[in-house]
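Here are my notes on the model, as numbered points. Please read them with the coordinates open.

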Amino acid sequence: MTRASRALVLLATLLLLAGCAAKTAAPPGEDLARTTWEAFRDREQKKHADWKAFRVDAGLSFASQRKSGRLNLAFYGNTDLPLRLDLTLPMGGPYAFWVENDQGFTAYYPGNQAAFTHRSTREGLSRMGLPLPFALRELAAVAIGRFDAFLPEKYASAKKRPEGYEYAFPAGSRMAALTLDFEGKPIHLTGRGIEPWKVAFEDYQADAAGTASDEARRVVLTTPGGAQVTLRIKKIEGRETPWPDSALALPMPPGTAVRSLEAQGDIRIPDL
């Protein structure tokens, strides 16, 4: 083979390799989407790593075709259970106390001296006419900004949207997709079910130095059926030691009627 022939063979080989590389290289947008997701996951896993417990104070409003109302809530507990959520009326009186622990979910309504139980928080809330997509442990992760506690570790596909990157999760996940803005903050979450639901994360307040918070101060949930629940977070506090059991126990007096939500029959919770 002449020198010219060898040069032509070498050039053809280089062109072939370059063509293969061009076909297998990931699009630039896909690389950015992956980098944004990996940075988000890394930040979530490190966030509040020393917290053993927490407390969140917030306002809650809800609106559906049949009714609307406002409540105040104090949500506190240990990151590995139990958790307690106290709901009070705008004027300050108690409305309900919810607890989630290793045994399941209990909702106590002192005005009716009635309590309801279920092994599953989400199923129990649905039986009470409150089709929330989160258990209390997942709601706590949303409130304090620890999404890694319930989101899949990997996404199935990613798309660039005007507001950021949308990550679709595998078909077996209860979560359908999460959208992160270009800074890696969650702004939309959608879920699967008989009817889909969605959550918007808003109001990432900046601190005195102008740095935006990693936790959304307003969380808006649109449930199946069109009801809307808005959580306005006022304060988030972490604890390096767990709450004592006495602080998380339900204050149910003797004579309280306790009913299992796994039994048949209509369930009515007190109106506001």
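1. Start with a charged pair. R84 and D86 form a salt bridge, with the closest N and O atoms 2.6 Å apart. A salt bridge here is a side-chain nitrogen of Lys or Arg within 4 Å of a carboxyl oxygen of Asp or Glu. R84 counts as buried because its relative accessibility is 9%. D86 counts as buried at 11%. The cut-offs are under 20% relative accessible area for buried, over 50% for exposed, and partly exposed in between (1.4 Å probe, protein chains only).

2. A word on provenance. This is a predicted model, where local features need pLDDT of at least 70 and side-chain atom pairs count only at pLDDT 80 or more, while totals for chains, interfaces and linings use all residues. Residues are numbered from 1 along each chain as its sequence is written, and side-chain values use heavy atoms, with hydrogens and water left out.

3. Stay with D86. This residue lies in strand β3 (residues 83-88). Strands (E, at least two residues) and helices (H or I, at least four) are DSSP runs, numbered from the N terminus. The D86 side chain also makes a polar contact of 2.9 Å with the side chain of Y76. A polar contact is a pair of N or O atoms within 3.5 Å; within protein, one must be able to donate a hydrogen and the other to accept it, and residues adjacent in sequence count only if both atoms are side-chain atoms. Not counting residues up to four places away in sequence, D86 touches N72, L73, A74, Y76, A96 and F97. Contact means heavy atoms within 4.5 Å.

4. Other salt bridges. The structure holds 12. K46 pairs with D42, the closest N and O atoms being 3.2 Å apart. The two are four residues apart in helix α2, so about one helical turn separates them. K46 is exposed at 59% relative accessibility, and D42 is partly exposed at 37%. R146 bridges to D148 at 2.8 Å between the closest N and O atoms. Both R146 and D148 are buried. D181, E183 and K185 are linked in a network of salt bridges.

5. Check K47. Its place is in the loop between α2 (28-46) and β1 (53-63). At 8% relative accessibility, K47 counts as buried. Its side chain joins that of E44 through a polar contact of 2.9 Å. Leaving aside neighbours within four places in sequence, K47 is in contact with I144, G145, R146, D214 and E215.

6. The nonpolar core. The largest one has 56 residues, and W98, M128 and L189 have the most contacts inside it. Helix α4 (residues 136-144) gives the largest share of this core, six residues. By definition, a nonpolar core is a set of buried Ala, Val, Leu, Ile, Met, Phe, Trp, Tyr and Cys residues joined through side-chain atoms within 4.5 Å. Beyond four places in sequence, the contacts of W98 include L83, R84, L85 and L87.

7. Rings. The structure holds 17 aromatic pairs (ring centres of Phe, Tyr and Trp, its six-membered ring, within 6.5 Å; planes under 30 degrees apart are stacked, over 60 edge-to-face, the rest tilted). One aromatic cluster includes W37, F40, F134 and F147. R239 lies over the face of W243, at 4.1 Å from the ring centre. K185 lies over the face of Y204, at 5.4 Å from the ring centre. A charge sits over a ring if NZ of Lys or CZ of Arg is within 6 Å of the ring centre and within 35 degrees of the ring normal.
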